[in-house]
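Hello,

Here is the structure I promised to pass on to you. Have a look at it first, and then read my notes below.

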Amino acid sequence: MTQPIEVRNPRTGMPDYRFTPPTERELDTLATRLREGQRDWAAADAAHRGQVLQDWAARIEARRDDLAAALEADTGRRRLARLEIDGAIASIRGWASRAAALMPRSDWVEGRANPAIRHAGQYLPYPLVGVISPWNFPLTLSLIDAIPALAAGCAVLVKPSEVTPRFAEPLSATIGEVAGLAGVLALAPGVGETGQGVIARADLVCFTGSVATGRKVAAQAARRLIPAFLELGGKDPLIVTKTAPVEAAVTAALRGSVLSTGQACQSIERIYVAREIHDAFLERLTDEARKVRINWPDIASGEIGPIIFEAQAETIRRQLEDAVKKGAEVLTGGTVERHGGGLWLKPTVLTNVDHSMAIMTEETFGPVLPVMAFETEDEAVALANDTEFGLSAGVFAGTLKEAEVIARRLQTGAVSLNDAALTAVFYEAEKQAFKASGLGPSRMGDAGLTRFLRRKALIANTGAPAPLSAFAEEAGS
Ligand code: NDP
């Protein structure tokens, strides 16, 4: 029997929800049911699956208020909760309408080396995909892999984070309302051990979370020899060149860093500014950062919500202390504030920072903007690439051409040009996570769906089979 988990509300600091993670036996039952359901799901054509997914989008729309209330309690924010729901609906509709066109053709093709031998492809979905998601965008990151996997013909078992599990109930209700969907999609809110249970039963695991847990997931998947698609942390840099318009660059830097209280993998976490405009940039950034309001006491006003996961506040505090001890100066923000039991951090601008400080090298996951001056483009590129991470980056310059030259030198999976954190809003471009930021094919673009298909080759000989004697030592020189 597993123990009930009490869940803390990020606005009050008090537990206001409880759930019981599934037992091993319950996970077994779920996995067996999903595997059985997947056979018919995969055998049906993509158009049928698309229709079921469209029905699901309609059910989510109908239950939008229930889902929004749960997500709001999970994350302590209102507008982003609603945007997550709108994004999920759009994503379901998008994949549903394109799934049929994305399924690869399986025509027979004549061989190049020997035209008598032809081949055709068969594309088979992984039967059961396990999805393990984090707490920062609970709905988005539970569905970002699940939707294309379903569209490709897989069954999916999702394990949301124990920090933000409330949305699972209303979302599961929508799944139950769609004929044919509950047989291939289930949510199993649980703890880390539940995640391990999912990996133990899946044929492929899609994991979004920290590098530390990602390593454990990869090791467990390796022991089972199943693929692990990992989307992990980042320490995204923004380079601002001397030709950049200061006002626009500050707008991008601030939004890219503090949206969702910096609790986003693609948040800008360090800013390198050309010496020529450094002081003007820093002054404006500090002014603009001071204007940002927390959404307390009224959830319906302000730009940033609470720190969702209590332990994250400790990480941020530790990094800030380390930076200040080593000589950093806090220009605004800098103190984790407690209001009504919840924890908030106002945008925090730091100067006098360098790479000896954790704030410049470790993932912060908070609204912190450390700014460092650079003298040359080579120095800026070297600083941006001086990291174990390689998720994404930004370059702001006077022209797109100038930004592009620098962007092409950065060792990251994506670069936003003359803006920041565009991967949060633009899903069409394929990208992979570099270095410790992840592993596996692109979850964006068309590959987002085709990565769930295994390639099988049918190879047909239209002529006579070659006899063994054709390979005898004396048969040729
Ligand atoms: P964690 O790595 O702590 O947790 C992620 C998920 O893994 C949770 O559901 C967690 O469960 C589960 N889990 C914990 N231990 C195990 C285990 N041994 N085996 C399997 N699953 C396990 O990440 P956070 O929730 O703290 O999320 C924040 C991190 O996610 C940041 O590093 C952020 O950068 C990253 N992230 C990456 C994104 C990307 O696209 N690259 C997008 C968004 C976030 P439980 O919570 O119940 O312990």
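Let me begin at the ligand: one of its oxygen atoms is 3.3 Å from a backbone N or O atom of Gly209. That is a polar contact, meaning a pair of N or O atoms within 3.5 Å. The protein covers 89% of the 910 Å² of accessible area that the ligand has on its own (area by the Shrake-Rupley method with a 1.4 Å probe).

Before you go on, please note that this is a predicted model, where local features need pLDDT of at least 70 and side-chain atom pairs count only at pLDDT 80 or more, while totals for chains, interfaces and linings use all residues. Residues are numbered from 1 along each chain as its sequence is written, and side-chain values use heavy atoms, without hydrogens and water.

Side chains reach the ligand too. An N or O atom in the side chain of Lys159 is 2.7 Å from a ligand oxygen, and for the side chain of Glu162 the distance to a ligand oxygen is 2.8 Å.

There are 30 residues around the ligand, each with a heavy atom within 4 Å of it. Ser133, Lys159, Ser210, Leu232 and Glu363 come nearest. By class, this shell has 12 nonpolar, 12 polar and 6 charged residues (Ala, Val, Leu, Ile, Met, Phe, Trp, Tyr, Cys and Pro are nonpolar; Asp, Glu, Lys and Arg are charged; the others, Gly among them, are polar). Helix 8 (192-201) gives the most, with 4 residues; helices here are DSSP runs of H or I with at least four residues, and strands are runs of E with at least two, numbered from the N terminus.

Most residues other than glycine have a negative phi, and most peptide bonds are trans. Yet Trp296 and Pro297 are joined by a cis peptide bond, with omega about 5 degrees, and Phe365 has a positive phi of about 60 degrees.

Happy exploring!

Note on methods. A polar contact is a pair of N or O atoms within 3.5 Å; within protein, one must be able to donate a hydrogen and the other to accept it, and residues adjacent in sequence count only if both atoms are side-chain atoms.
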